[in-house]
Amino acid sequence: MNNVAHLIEGERVRGTGREQELVNPSTGEVTATVTLADRQTVEGAIAAARAAFPDWRDTPPIKRARVLFRLKDLLEEHADEICMLITREHGKVLDDARGELQRGIENVEYACGIPGLLKGEHSRNVGPAIDSWSEFQPLGVCAGITPFNFPAMLPLWMWPMAIACGNTFVLKPSERDPSPALLIAELGHQAGVPPGVLNVVNGDGEAVNTLLADPRIEAVSFVGSTPVAEYVYTTGTAHHKRVQALGGAKNHAVVMPDADLDNTASALMGAAYGSSGERCMAISVVIAVGDATADTLVQKLREQIAALRLGDGRDNTNDMGPLVTRAHLQRVRGFIERGIEEGAELVVDGREREVPGFENGNYLGACLFDRVREGMSIHSEEIFGPVLCMMRVENLQRAMDIIDAHEYGNGTCLFTRDGEAARYFSDHIRIGMVGINVPLPVPAAYHSFGGWKRSLFGDLGTYGPDSVRFYTRRKTVTQRWPSSGLREGAQFSFPSHG
Ligand code: NAD
């Protein structure tokens with residue numbers, strides 16, 4: 001059986017460690033095994049990255065950028081192959097995988113501008129014959145740890161910019177769908193990434209703990225669930241590393257009575273059920289302002305859910321594929337049962353949806369709960385499945401209070417035709433990424449991505465300008481070249497410009 005290896009110093013290596021099966025979530029078939037790196041394997045990858053750092057650091061940024069230009073071309077040439085792997089291991093529909101890869105490529109495009117992005121700040125004559133400048137130097141070896149839900153895009157949020165800045169990198173992708181990241185890393189080597197500059201180790205907590213404790217790792221970028229994000233942040237910073245750890249989410253959409261409810265319902269369908277709700281920016285709660293708005297929305301959503309096509313992700317006529325694993329399917333079903341017990345009204349029950357011919361797949365039809373209230377676990381916890389919760393409130397302020405009180409702060413959006421309400425909402429809501437009539441307000445690659453509250457531990461978001469700051473540190477040089485022959489006595493007062 002095919003084994004998904006590690007990539008260390010430019011070579012695929014099997015390494016030592018435990019083995020785990022990879023299962024196609026659409027069919028239930030075992031497609032490969034992955035070796036979960038032990039400490040020794042991870043340390044080998046770190047050593048390779050450390051050894052590659054001095055030369056790569058001194059490679060001119062324009063040359064590092066050229067490697068990324070070639071990577072962009074290779075990603076486009078190999079898009080079909082990458083998307084097939086995403087769908088085979090994650091389950092999402094191929095068109096959705098295309099969208100994910102395209103967003104990842106946009107991060108590579110942004111990193112291609114690294115010579116301009118690394119330009120420092122310069123001041124002439126800060127004192128007599130004294131000039132000063134700030135420059136942005138790479139950190140050394142950086143690590144990236146990614147979740148299962150965007151197996152191509154999330155690694156591309158991290159390592160292209162990290163190496164563009166002159167760092168070397170060890171990536172640990174999700175052990176549930178590691179193949180796309182490995183293929184992309186190999187394309188990086190074809191594009192000219194020197195051996196050791198980018199290494200991939202597959203693994204689980206053991207690999208993560210090795211990365212967090214090793215003194216040669218300078219910085220860690222993490223994306224995943226909030227409990228693990230918090231653990232990675234506290235452990236990594238306790239080991240004196242720079243850490244950004246992006247966590248889970250519960251994203252609310254607020255629908256005002258004046259919104260275009262046909263378009264809103266369509267937007268909610270994609271945002272709630274696309275990728276089976278396994279997106280950190282998925283809309284999982286809709287707060288309708290007024291009962292009439294809620295009643296109309298429920299009716300429109302019901303109609304659209306009835307037409308939603310569930311099935312094998314390789315078939316692009318499907319809208320929604322399976323959940324990633326059997327265990328995750330059971331977890332999501334558990335939430336649905338709890339929601340019923342807690343008194344929410346399950347107006348669409350997707351649990352009995354079948355996909356003929358794919359009885360071993362992890363399928364769950366779209367579910368819609370109405371009359372969800374604060375305190376219910378389906379509202380307080382992240383479900384990460386195709387379950388949309390409808391809440392009913394009397395006005396916008398009440399909707400905003402519910403959102404602000406929630407522990408997560410990733411994304412939110414407001415559907416309205418009222419500019420004043422839109423401006424008030426985007427100005428005051430305590431959430432990192434806000435959409436107005438845009439259900440998935442994922443920032444473009446040249447902005448940065450990051451939630452508030454317990455959706456992000458650390459100060460800087462990922463990708464875009466924040467990532468240039470995250471993967472570099474500022475050095476300020478002050479330099480004096482006095483006229484030759486000038487003799488000066490010692491000065492004991494603190495240098496000032498007074
Ligand atoms: P996860 O937290 O289970 O795993 C993420 C990574 O952490 C994986 O590489 C995994 O191997 C590692 N890991 C898991 N348990 C660990 C442990 N105990 N110790 C050390 N490392 C451990 O997340 P997931 O299920 O793969 O992904 C889904 C989660 O990711 C959701 O909560 C989702 O909201 C979140 N997510 C957030 C963003 C964001 O930008 N905020 C983006 C995508 C996904």
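## Salt bridges, starting with one pair

A salt bridge is a side-chain nitrogen of Lys or Arg within 4 Å of a carboxyl oxygen of Asp or Glu. Side chains of opposite charge can pair when their charged atoms come close. Helices (H or I, at least four residues) and strands (E, at least two) are DSSP runs, numbered from the N terminus.

How accessible are these two partners? Arginine 371 is partly exposed at 38% relative accessible area, and glutamate 345 is partly exposed too, at 40%. Here, buried means under 20% relative accessible area, exposed means over 50%, and partly exposed is in between (1.4 Å probe, protein chains only).

## What you are looking at

This is a predicted model, where local features need pLDDT of at least 70 and side-chain atom pairs count only at pLDDT 80 or more, while totals for chains, interfaces and linings use all residues. Residues are numbered from 1 along each chain as its sequence is written, and side-chain values use heavy atoms, with hydrogens and water left out.

The structure holds 30 salt bridges. One of them joins arginine 392 and aspartate 370, at 2.8 Å from N to O. Again the pair links distant parts of the chain, with arginine 392 in strand 17 (residues 387-393) and aspartate 370 in strand 16, 22 residues apart. Arginine 392 counts as buried at 19% relative accessibility, and aspartate 370 counts as buried at 3%. Follow the shared partners and you get one network made of Asp291, Asp295, Asp370 and Arg392.

Another bridge pairs glutamate 175 with lysine 172, whose closest N and O atoms are 3.6 Å apart. Lysine 172 is buried, with a relative accessible area of 3%.

The contact (heavy atoms within 4.5 Å) takes 21 residues from domain 1 and 26 residues from domain 2. Together the domains bury about 1,900 Å² between them, 55% of it on carbon and sulfur atoms. Buried area is the accessible area (1.4 Å probe) that two parts lose on being put together, summed over both. In domain 1, Ser26, Val93 and Ser455 lose the most area to domain 2, together 26% of what that side buries.

What links the two sides? The rule finds 1 salt bridge across this interface, along with 10 residue pairs in polar contact (both at pLDDT 80 or more). A polar contact is a pair of N or O atoms within 3.5 Å; within protein, one must be able to donate a hydrogen and the other to accept it, and residues adjacent in sequence count only if both atoms are side-chain atoms. On the side of domain 1 that touches domain 2, helix 3 (79-90) and helix 4 (94-111) are the elements that give two or more residues. Helix 3 gives the largest share, 4 residues. By class, that side has 6 nonpolar, 10 polar and 5 charged residues. Ala, Val, Leu, Ile, Met, Phe, Trp, Tyr, Cys and Pro count as nonpolar, Asp, Glu, Lys and Arg as charged, and the others, Gly among them, as polar.

Serine 134 lies in strand 7 and counts as buried at 8% relative accessibility. Its side chain makes polar contacts with the side chains of arginine 474 (3.5 Å) and threonine 476 (3.0 Å). Leaving out residues up to four places away in sequence, serine 134 touches Gly120, Glu121, Arg474, Lys475 and Thr476.

Threonine 462 is in the loop between strand 22 (456-457) and helix 16 (464-470), and counts as buried at 2% relative accessibility.

## Two positive phi angles

Alanine 129 has a positive phi of about 60° although it is not a glycine. This alanine 129 is in the loop between strand 6 (121-127) and strand 7 (130-138), and is partly exposed at 40% relative accessibility. Serine 275, also not a glycine, has a positive phi of about 55°. Serine 275 is in the loop between helix 10 (261-273) and strand 14 (283-289), and is buried at 6%.
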